[in-house]
Amino acid sequence: QVQLEDSGGGLVQAGGSLRLSCAASGRTFRTDTMGWFRQAPGKERDFVAAIRWSGSDTYYADSVKGRFTISRDNPKNTVYLQMNSLNPEDTAVYYCATATERLSFGRVSAASRYDYWGQGTQVTVSS
C-alpha cells in the first residue's frame, strides 16, 4: 500500500502563486510515476502534470505549460507542484496520484492508470 498526503492549497488572487506538496509513504519503491490532477465542480478530473521518480521526464497539460512546474525530492518522497500566474480557471480540488507502472507519454494523463490517490487540496483563485 502507498499513502499520499497532498497539501498546500488555499485562496489566492489572480496572478498569484501557490505550491502544492504531495508526501508519499508506505511501499513507495513500487511506484514509478507521480501525477497531479484537478477537478472543478461539475467537471471531470483533468490531468495537470506528471513526473517520474527517476530521470528527468516531466509532462504537462497544455493549459498549465509555462505556468506550473512539477518537481520531486526523492529523499523526502515528496512531489511538488509550483503554480504561478494563477487565474480563476485554475480553481479546483487538486489531487496527487501515483502509478505503479511506468506510464508512457500517451498514458501519463489517464487518471485510470494511477493506483493511489491523495485526499485532495482545494485551490481557489479569485478574480
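Residues are classed by relative accessible area as buried (under 20%), exposed (over 50%) or partly exposed in between, with a 1.4 Å probe and protein chains only. The structure is a predicted model, in which local features need pLDDT of at least 70 and side-chain atom pairs count only at pLDDT 80 or more, while totals for chains, interfaces and linings use all residues. Residues are numbered from 1 along each chain as its sequence is written, and side-chain values use heavy atoms, with hydrogens and water left out.

Aromatic pairs are rings of Phe, Tyr and Trp (its six-membered ring) with centres within 6.5 Å; planes under 30 degrees apart count as stacked, over 60 as edge-to-face and the rest as tilted. The structure holds 6 such pairs. The pair of F37 and W117 is tilted, because its ring centres lie 5.1 Å apart and its planes meet at 55°. W117 is partly exposed, at a relative accessible area of 28%, and F37 is buried, at 0%. Y95 and W117 pair edge-to-face, with 6.5 Å between centres and 80° between planes. Y95 is buried, with a relative accessible area of 14%. Ring pairs join F37, F47, Y95, Y114 and W117 into a cluster.

R45 lies over the face of Y95, 3.8 Å from the ring centre, and its charged end also sits over the ring of W117, at 4.8 Å. The criterion is NZ of Lys or CZ of Arg within 6 Å of the ring centre and within 35 degrees of the ring normal.

A search of the whole structure finds 1 disulfide (cysteine sulfur atoms within 2.5 Å). This disulfide joins C22 to C96, with an S to S distance of 2.1 Å. Both cysteines, C22 and C96, are buried.
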